[in-house]
Amino acid sequence: MNNSQNWNAVGEQMKSALSDALRTGDFTDLNELVSQTVTDALSEAGNKFADGFRPQQVREKDSAEQKTRQEKAKREQHLQRKKQQEENRRIHIQRQRQAQAQRKAAQQALKQQRGTKPHAISPPNARTTALIPAKFKQVGNVSNVLYQVFGGIGFGISSLIAFFRLFAALAGDTTFLGWIINLLFLAVFFGMIRRGVSQRNRLKRAKRYIQLCGGRMYGQIESLARDTGRSVRFVVKDIHRMLSLGMFPEGHLDEKKTCLMLNDSVHQQYLEAEKARILREQQALKESQEASAANHTASNAQPGQMDMEQEAELNTMIAEGMECIRKLRELNDQIPGEVISQKLYRLDSLLKDIFDSVREHPQQMHQMHKMMDYYLPTTLKLVEAYEDFDKISMPGPEIVAAKAEIERTMDIINQAFSELLSNLFQNAVLDATTDAQVLQTMLAREGLTGNTEFSRS
């Protein structure tokens with residue numbers, strides 16, 4: 001009866017310890033209680049086995065003394081576990097409060113950063129992803145402990161049964177089927193222990209991956225493999241397994257399996273960058289094909305000959321360019337500053353020369369698409385923004401900085417458009433130089449140049 005009560009008490013203690021461990025996330029008390037229970041069970045079994053060789057009075061005396069010591073030790077362990085549980089609860093509550101304070105501080109910092117962001121043109125990748133923590137689910141955090149605990153208990157009991165079976169085998173009181181079943185249980189419980197250890201190690205590696213990625217929320221697979229001492233193949237397979245288990249709810253691997261991204265924001269930036277890269281490649285290929293087609297058409301067509309579609313496109317382009325020049329002139333008249341006005345006068349002259357060149361040489365239209373689709377509209381928006389800023393009577397430091405940035409950008413735009421104008425005249429210069437050299441050669445061959453010598457470049 002006493003043994004039954006003791007095991008009932010142990011069961012209640014184990015149930016209470018398991019409930020506390022699941023609530024607080026600390027399995028230290030549960031591990032200690034299970035280890036002590038297994039040790040007590042093995043000790044009691046060994047004592048019972050040894051009791052068979054001692055006198056009855058000695059066994060009763062030793063049993064009473066042992067029972068007294070065990071009750072005293074259990075009372076002390078129970079008090080110690082209570083104190084440890086209270087300490088663990090206090091530490092858990094303190095950690096929760098600290099985590100809540102950190103989240104509030106991060107949210108406050110993010111709000112302040114968004115509130116002080118100037119209204120200026122910023123690059124698309126300038127996002128505050130460093131303040132957003134990686135979402136992580138500790139898949140296997142509880143199951144790995146349960147696997148190890150119950151696997152250890154089962155393995156210990158199966159080992160004890162195998163130990164007693166050895167003595168039974170010496171007495172000839174055992175069967176081959178019994179050994180098979182005993183070994184089968186040993187294998188099952190050992191597999192549970194191994195599975196628990198594997199889940200625990202996977203959790204450690206996942207936390208290490210997050211630590212190595214840091215505030216960037218992404219990491220190169222080669223770097224992760226080098227820092228963890230694993231092969232690239234192992235890390236890729238390991239991360240695939242973690243993603244399939246849902247340990248990284250917002251985790252992604254790129255198509256080439258070279259980069260781990262821990263949240264959707266970083267993955268979205270990656271997709272946008274890939275999309276932009278593909279568009280650039282397609283645009284470059286399209287421009288190359290258009291240039292080849294234009295050169296082929298220009299070489300086969302007579303000078304000044306265009307079809308109706310090309311003529312309509314040319315007229316539309318010239319009309320849009322003239323309208324943009326008109327708007328820039330109106331904005332220049334409304335802006336009193338001398339610095340920006342000089343830059344706008346320079347831009348006006350460059351645009352007029354560019355569109356005059358395209359009007360005279362329609363084959364240059366293929367070089368104007370990016371300018372008409374992006375560069376010129378964006379330039380007009382910048383000048384309109386500058387004109388709006390200039391109307392403010394008492395501008396703040398952000399407005400002054402934005403105006404200065406637009407003035408610097410206008411210098412770059414003028415330089416770029418000047419380079420575009422040179423590129424437009426490059427073919428004309430080459431054709432004129434070639435015609436001049438051919439004419440000189442023909443005149444000299446006919447003897448019409450006298451003794452005049454022509455220099456050749």
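Let's start with Cys213, which is buried, with a relative accessible area of 2%. Keep in mind that this is a predicted model. Cys259 is buried too, with a relative accessible area of 10%.

A disulfide needs the two sulfur atoms within 2.5 Å. Searching the whole structure turns up 0 disulfides.

S3 is part of an open sheet of 3 strands, arranged in the order S1-S3-S2 with antiparallel pairing. Strands S1 (218-220) and S2 (252-253) stand at the edges with a single partner strand each, so one side of each has no neighbour in the sheet.

Leu253, for instance, has Leu260 in S3 as its bridge partner. Helix H6 packs on this sheet and touches S1, S2 and S3, with its direction at about 75° to that of S1.

## Where two helices cross

H6 (residues 221-228) also packs against helix H7 (residues 232-245), at an angle of about 105° and with the axes 9 Å apart. That angle makes H6 roughly perpendicular to H7.

Which residues meet here? From H6 come Ile221, Glu222, Leu224, Ala225 and Thr228, and from H7 come Val232, Val235, Val236 and Ile239. Sorted by class, this contact has 7 nonpolar, 1 polar and 1 charged residues.

Technical notes
Residues numbered from 1 in each chain as written. Predicted model: local features only at pLDDT ≥ 70, side-chain atom pairs only at ≥ 80, totals over all residues. Heavy atoms only, no water. Axes fitted to C-alpha atoms, helices over the stretch in contact; angles between N-to-C directions. Helix = DSSP H or I, 4+ residues; strand = E, 2+ residues; numbered from the N terminus. Parallel < 35°, antiparallel > 145°, perpendicular 65-115°, else oblique. Contact = heavy atoms within 4.5 Å. Nonpolar A, V, L, I, M, F, W, Y, C, P; charged D, E, K, R; others polar. Buried < 20%, exposed > 50% of the residue type's maximum accessible area, 1.4 Å probe, protein only. Pairing = 2+ DSSP bridges.
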